Amino acid sequence: MKAIFDERQWKHQPKNFMANGALLPNPEQPERIDRLLIGAKAAGCTVQAPDDAGLGPIAAIHSAEYLTFLQNIYTRWRRIDGAGEEVIPNIHPANRTDSYPKSAIGQAGFHQADTACPIASGTWEAAYWSAQSAITGADLLTTERAVYALSRPPGHHAFGDLAGGFCFLNNSAIAAERLLAQGKRPAILDVDVHHGNGTQGIFYNRRDVLTVSLHADPARFYPFFWGHTDERGEGAGLGYNLNLCLSRGTDDAGFLAGLDVALQQIRSFGADVVVVALGLDAFIDDPFKGLAVTTEGFGRIGAAIAGLGLPTLFVQEGGYLCKELGDNLTSTLTGFESA
Ligand SMILES: [Zn+2]
């Protein structure tokens, strides 16, 4: 399998985020790249850099206002007297329909949902190339059965004009839109331990891209406000979003049972290509401790996805530093390829 990655994705090096009122080291560290590259190579992947498809495919998902913000905010932030080293907002609008502010601090609050997506000098460049990795991966599906895009920073918590949860550009959504533009009928299957709220939000009113997410129950887990089973889409999109909530600590058997339901929905939709938002943080020893999937379980997840018999783009989402991170990727991709 081909793996797509660009060295410039290293440039996002987040330092801080707030959790439960404590200032903590940000878990979305570039060291994840090392572990994931080792894992991909162990699965037999050959790594290549993405092409540059430009801003067009990114702007098909994200608003012009938001893209301008991501590109310029750090420079503007540095001009604020006494500002911290990273862009982290201290105020958020009560509603997304409230007035759009002119100030850097106000815009940060408007475009950053939480404190887990700090922006510094290399963030835009890293996010841009992370998206390009997913776009090239999508394009390669014309000839490949499956491709792995090592998209880091991740993307599935990013909405059309809103960063959040370590995510800036929604790589999986950008890839799905790219495939749609090529005349395909894509489904996005999100197996990250966290609900893919940004992806859901982007396609919520649409029926041309199916979104399915399997995740720890958000009643008591990030992202809290989204990911519940009654969120099924809206307007033309009603019935084209499926959330499958799993109890905290769900094991391999429970996850695979939920995955069966997800795969059945993708078959019913008549998808001819699948984008897997591949979080590896459902792992039992992931620092987020939401679910209890084992390394072997990831192999079974990969095999079950292969059972769809569709061209498959794996887009890296979460999965944080623990000694098995690379092994869990190897297991997923090997499980897929040997099925
Ligand atoms: Zn996650």
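Predicted model: local features only at pLDDT ≥ 70, side-chain atom pairs only at ≥ 80, totals over all residues.

User: What makes β6, β7, β8 and α7 stand out around the largest cavity?

Analyst: Each of β6 (186-190), α7 (197-203), β7 (210-216) and β8 (241-246) supplies at least two residues of its lining. Among the lining residues are Ile-188, Asp-190, Thr-199, Gln-200, Val-212, Ser-213, Asn-241 and Leu-242.

User: Why is this space called a cavity, and how many are counted?

Analyst: On a 1 Å grid over the protein atoms alone, a cavity is a set of points where a 1.4 Å probe fits but cannot get out; a pocket is an open set with protein on both sides within 12 Å along at least five of seven lines, and lining residues have an atom within 4 Å of a point. The count is 1 cavity of 30 Å³ or more, and the largest cavity holds about 60 Å³.

User: What is the make-up of the lining of the largest cavity by class?

Analyst: Ala, Val, Leu, Ile, Met, Phe, Trp, Tyr, Cys and Pro count as nonpolar, Asp, Glu, Lys and Arg as charged, and the others, Gly among them, as polar. On that basis the lining has 3 nonpolar, 8 polar and 1 charged residues.

User: What is known of the largest pocket?

Analyst: Its volume is about 890 Å³. Of the 36 residues lining the largest pocket, Ala-113, Asp-114, Tyr-222, Pro-223 and Phe-224 lie nearest its centre. Strand β2 (residues 16-19) contributes the most to this lining, with 3 residues. The classes in the lining of the largest pocket are 20 nonpolar, 12 polar and 4 charged.

User: How do you know which strands are at the edge of the sheet?

Analyst: Two strands pair if DSSP finds at least two bridges between them. The open sheet has 8 strands in the order β4-β1-β5-β10-β9-β6-β7-β8, with parallel pairing. At its edges are β4 (46-48) and β8, each of which pairs on one side only. Within the sheet, β6 and β7 pair in the parallel sense over 4 bridges, and Ala-187 stands opposite Leu-210 in β7.

User: Which peptide bonds are called cis, and where do their prolines lie?

Analyst: Most peptide bonds are trans, and most residues other than glycine have a negative phi. Arg-152 and Pro-153 are joined by a cis bond with omega about 5°, and Pro-153 sits in the loop between β5 (146-149) and α6 (171-181). Tyr-222 and Pro-223 are likewise joined by a cis bond, with omega about 10°; Pro-223 lies in the loop between β7 and β8.

Methods. Residues numbered from 1 in each chain as written. Heavy atoms only, no water. Points joined across faces, edges and corners; volume = space filled by probe spheres on them.
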